[in-house]
Amino acid sequence: MDIRFVQRGCEIDEKLRDYMEKKISKLEKFFRRILNCQIVVTHHKGSFNVETTANANGVILRAEEDALEPRKAFDQSLKNLERRIKKYNSYLKDRAQLGAEEDFSFSVDDDLDTNAPAIDKVKKVEVHPMEAAEAVMQMELVGHAFFVFQNAASGEINVVYKRGENSYGLIEPVR
């Protein structure tokens, strides 16, 4: 597994870097198909933010935590990432038991657009045909409040979004 570190506003010493590499490499015991991981450590206003992102064969799993110490923020973020990987594993097992095909992938490319001051970030998302329930699972795995996908039934681009604690919404275009 390839591990990449990004540091913003701080420096990670070798001891902490080795600790993070050792801990994140243990993710492979939960899911063998993790291709690479990225750990982003940001220091802002006396607090550390650690974002861990894993690419599990095209499925992006992400967790983020804040703490006063970078090691504590990393540990909390890693715990959340492990929980999401376990959830994804159980989802794949459930799908396999139902006899559904297991091939759906998701990739995100981040690109900052500096010419349009109203837009801070532009994400290009490769959409794949899937059911709304799959899209909700993908949304939960990346930890976002919404997810764009192609509806397998209609072929249209749809959006699922989180409404409340256990409630989701679906946006379908009208033509």
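**Salt bridges and sheet**

Guide: This is a predicted model. Searching the whole structure turns up five salt bridges.

Visitor: Which side chain meets R62 at 3.4 Å, N to O?
Guide: That is E51, and the two form a salt bridge. R62 sits in strand β4 and E51 in strand β3, so the pair links distant parts of the chain, eleven residues apart.

Visitor: And what is the N to O distance between R62 and E64?
Guide: The salt bridge between the side chains of R62 and E64 has an N to O distance of 2.5 Å.

Visitor: Which residues are linked in a network of salt bridges?
Guide: E51, R62 and E64 are linked that way.

Visitor: Which residue does E140 meet in a salt bridge?
Guide: Its partner is K87, at 3.9 Å from N to O. E140 belongs to helix α3, residues 132-142, and K87 to helix α2, residues 70-98, so this pair ties together parts 53 residues apart in sequence.

Visitor: Is E140 buried or exposed?
Guide: E140 counts as buried, because its relative accessibility is 16%. K87 has 36%, so K87 counts as partly exposed.

Visitor: Changing topic: how many strands form the open sheet, and in what order?
Guide: Four strands form it, in the order β1-β2-β3-β4, and the pairing is mixed. The edge strands are β1 (2-8) and β4 (59-67), each of which pairs on one side only.

Visitor: By how many degrees are neighbouring strands turned against each other?
Guide: On average by 15°, with direction ignored.

Visitor: What holds strands together in general?
Guide: Strands of a sheet pair through backbone hydrogen bonds, either parallel or antiparallel.

Visitor: Do β1 and β2 run parallel or antiparallel?
Guide: They run parallel, and seven bridges join β1 to β2, which covers residues 34-44.

Visitor: Which strands does helix α1 touch?
Guide: Helix α1, residues 14-25, packs on the sheet and touches β1, β2 and β3 (47-56). The direction of α1 makes about 140° with that of β1.

Notes
Residues are numbered from 1 along each chain as its sequence is written. This is a predicted model: local features need pLDDT of at least 70, side-chain atom pairs count only at pLDDT 80 or more; totals for chains, interfaces and linings use all residues. Side-chain values use heavy atoms; hydrogens and water are left out. Two strands pair if DSSP finds at least two bridges between them. Helices (H or I, at least four residues) and strands (E, at least two) are DSSP runs, numbered from the N terminus. Axes are lines fitted to C-alpha atoms, for helices over the stretch in contact, and angles run from 0 to 180 degrees between N-to-C directions. Contact means heavy atoms within 4.5 Å. A salt bridge is a side-chain nitrogen of Lys or Arg within 4 Å of a carboxyl oxygen of Asp or Glu. Buried means under 20% relative accessible area, exposed over 50%, partly exposed in between (1.4 Å probe, protein chains only).
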